Amino acid sequence: HRQSNSKVFDNLQSMFFSGVVRQLRPQVGSVTAVAAAVMGWNMGVVDLAASYNIWLPTLTLPVVPFTLSSPALGLLLVFRTNAAYTRWMAARDSWARMSAHSKNLVRMGSIFSSDQSAVKEMSNACWLYARTVMNKLSSPGEDEEEYIEEVLERYQDSSIGTRVIKSKNRVMAAWRQLSLQLHSLPASDPK
């Protein structure tokens, strides 16, 4: 699903309704209108007048404002890119920490408990929590069907999957299930 072509088209369709575009629409619209007027004059009116042997001047925009503003615009673009990369890196680190903590829980559960079915249930609860967070962070239509199918397949003999899916806050329901599994895990006293 990550390489789906429909994701590209969905992003392109929603591009004109983003917050940044809505904020910049007046400025970008005025610049586009001036550029279209100059181009229309030069390619339409001047060419039409030339066909009747009437000379009209072509319009040009001064280059100096664009030359002076391009370094500042470049810096602003770099800062926005750096901020976006920083947010992406923070999210990646959070996901890696969650994955590592889940693995540690399952590893410690398998070390301290001799009940393999309880350890498997805790492993499923760790998976359910991570998968639910992934579903929460995905676009609403992007992952919903796969999420429901995978959860119901994993919990086909239990009502846990259905309860989490129907919950208003799925992440908290999955977190609760993980906590219940962790506290109910029969563990021998560490030596």
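Helices here are DSSP runs of at least four residues, numbered from the N terminus. The model is predicted.

**View 1. Ser158 sits in the loop between helix 5 and helix 6.**
Its relative accessibility is 31%, so Ser158 counts as partly exposed. The side chain of Ser158 has a polar atom 3.2 Å from the backbone nitrogen of Ile160.

**View 2. Helix 3 packs against helix 4, with contacts from both sides.**
Helix 3 covers residues 64-112, and helix 4 covers residues 116-137. Their axes come within 9 Å and cross at roughly 170 degrees. Angles over 145 degrees count as roughly antiparallel. Helix 3 and helix 4 are therefore roughly antiparallel to each other. From helix 3, the residues in contact include Trp95, Met98, Leu105 and Val106. From helix 4, they include Val119, Met122, Cys126 and Tyr129. Which classes of residue make up the contact of helix 3 with helix 4? There are 11 nonpolar and 4 polar residues, and no charged ones.

**View 3. Helix 4 also meets helix 5.**
The axes of helix 4 and helix 5 come within 10 Å and cross at roughly 170 degrees. That makes helix 4 roughly antiparallel to helix 5. Helix 4 brings Asn124, Trp127, Leu128, Arg131, Thr132, Met134 and Asn135 to the contact. Among the partners in helix 5 are Glu144, Glu146, Glu150 and Arg154. How many residues of this contact between helix 4 and helix 5 are charged? The count is 6 charged, beside 5 nonpolar and 3 polar.

**View 4. Helix 5 has three buried residues to look for: Asp143, Tyr147 and Val151.**
Helix 5 runs over residues 140-154, which makes 15 residues. From its first C-alpha to its last, helix 5 reaches 21 Å, close to the 21 Å expected at 1.5 Å a residue. An α-helix has 3.6 residues a turn, so residues three or four places apart point the same way. What covers the buried residues of helix 5? The cover includes helix 4, helix 6 (160-166) and helix 7 (170-184).

**View 5. Gln177 lies in helix 7.**
Is Gln177 buried or exposed? Its relative accessible area is 5%, so Gln177 is buried. Leaving out residues up to four places away in sequence, Gln177 touches Ala125, Leu128, Ile160 and Arg163. Two of these names return from other views. Ile160 has its backbone nitrogen 3.2 Å from a side-chain polar atom of Ser158.

Key
Residues are numbered from 1 along each chain as its sequence is written. This is a predicted model: local features need pLDDT of at least 70, side-chain atom pairs count only at pLDDT 80 or more; totals for chains, interfaces and linings use all residues. Side-chain values use heavy atoms; hydrogens and water are left out. Axes are lines fitted to C-alpha atoms, for helices over the stretch in contact, and angles run from 0 to 180 degrees between N-to-C directions. Helices (H or I, at least four residues) and strands (E, at least two) are DSSP runs, numbered from the N terminus. Angles under 35 degrees count as roughly parallel, over 145 as roughly antiparallel, 65 to 115 as roughly perpendicular and the rest as oblique. Contact means heavy atoms within 4.5 Å. Ala, Val, Leu, Ile, Met, Phe, Trp, Tyr, Cys and Pro count as nonpolar, Asp, Glu, Lys and Arg as charged, and the others, Gly among them, as polar. The expected span of a helix is 1.5 Å times one less than its number of residues. Buried means under 20% relative accessible area, exposed over 50%, partly exposed in between (1.4 Å probe, protein chains only). A polar contact is a pair of N or O atoms within 3.5 Å; within protein, one must be able to donate a hydrogen and the other to accept it, and residues adjacent in sequence count only if both atoms are side-chain atoms.
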